[in-house]
Amino acid sequence: MATDRFGRDIHYLRISLTDRCNLRCVYCMPEDMTFRPRAELMQDDELLTLMPLFTELGFHKFRLTGGEPTVRANIVDVVRGIASTPGVRSLSMTTNGVLLEKLAAPLKDAGLGRVNVSIDTLDPERFRRITRWGSLDEVWAGLKEAERVGLAPVKLNTVVVRGYNEDDVADIAALTLENPWQVRFIEMMPFGEVAGFQQGQMVTFAEMQQRIEARLGLLSVIDDGKLDGEGRLYRLAGARGELGFMNSVTQPLCAS
């Protein structure tokens, strides 16, 4: 079993399959981003050789990330190899959803359990402005296909960026009224080559909450505000789904 210096059981491992992405979101990377040569990244056989070592150490919950993991060559085979490793109990993926409409079913069949889909606005023009290259219709189709094939529970990740999508927060939160989804709002953290932009464009949890409650009514905290993974959960009155807030800047969670 792997433990940290506070004696906590560390059983959750995130694996970045690639640094590449088929979008260029303004808060993530410059449009002319240069990526590492693929030969310098961990190859399929290397990753699958390490997987039994991870499970022997006590890791049993895994999340595939990137970049955008669905652009990794042989992604379905990689998922199948990881999912079939003895000791793997949970396998999920964070994706921008662009390729999910065609990949959801084969990924599910290969052993993927669920997905988190990044979606920062429900307005097609704003979506294009934020992602620079993306199509909201493609992501929405991928989201619905993931739900159809059973990659559930579906979670949506929304990074709120001032000047881009702060006006969309209430509309996205309203998705939980009719859908059994978890919508997760994320305070933007400064990192990498766009740290200056991120610091200047951050929208706080307090502002997100005010915008949601002004439109949709009061938020009720779930489980006394205890952390659920990286965030705290809330629910709108009568909603089928729930709202999560990742307040990593204004309410750092590292100590807990």
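Reader: Glu147, then: buried, partly exposed or exposed?

Author: Partly exposed, with a relative accessible area of 28%. Keep in mind that this is a predicted model.

Reader: Which residue does Glu147 form a salt bridge with?

Author: Lys144, with the closest N and O atoms 3.4 Å apart. Lys144 is partly exposed too, at 35% relative accessibility.

Reader: How are Lys144 and Glu147 placed in helix α5?

Author: They sit three residues apart there, so about one helical turn separates them.

Reader: And what does Arg211 pair up with in a salt bridge?

Author: Glu207, at 3.1 Å between the closest N and O atoms. Both are in helix α9 (residues 205–216), four residues apart. Arg211 and Glu207 also belong to a salt-bridge network with Arg162 and Asp167.

Reader: How many salt bridges turn up in the whole structure?

Author: Twelve. Another one of them joins Arg36 and Glu40, 2.7 Å from N to O.

Reader: Which way do its side chains point?

Author: Lys155, Asn157 and Val159 go one way from β5, Leu156 and Thr158 the other. In general, side chains in a regular strand alternate between the two faces of the sheet.

Reader: What are the bridge partners of Lys155?

Author: Asn116 is one, and Gln182 in β6 is another.

Technical notes. Residues numbered from 1 in each chain as written. Predicted model: local features only at pLDDT ≥ 70, side-chain atom pairs only at ≥ 80, totals over all residues. Heavy atoms only, no water. Buried < 20%, exposed > 50% of the residue type's maximum accessible area, 1.4 Å probe, protein only. Helix = DSSP H or I, 4+ residues; strand = E, 2+ residues; numbered from the N terminus. Pairing = 2+ DSSP bridges. Salt bridge = Lys/Arg side-chain N within 4 Å of Asp/Glu carboxyl O.
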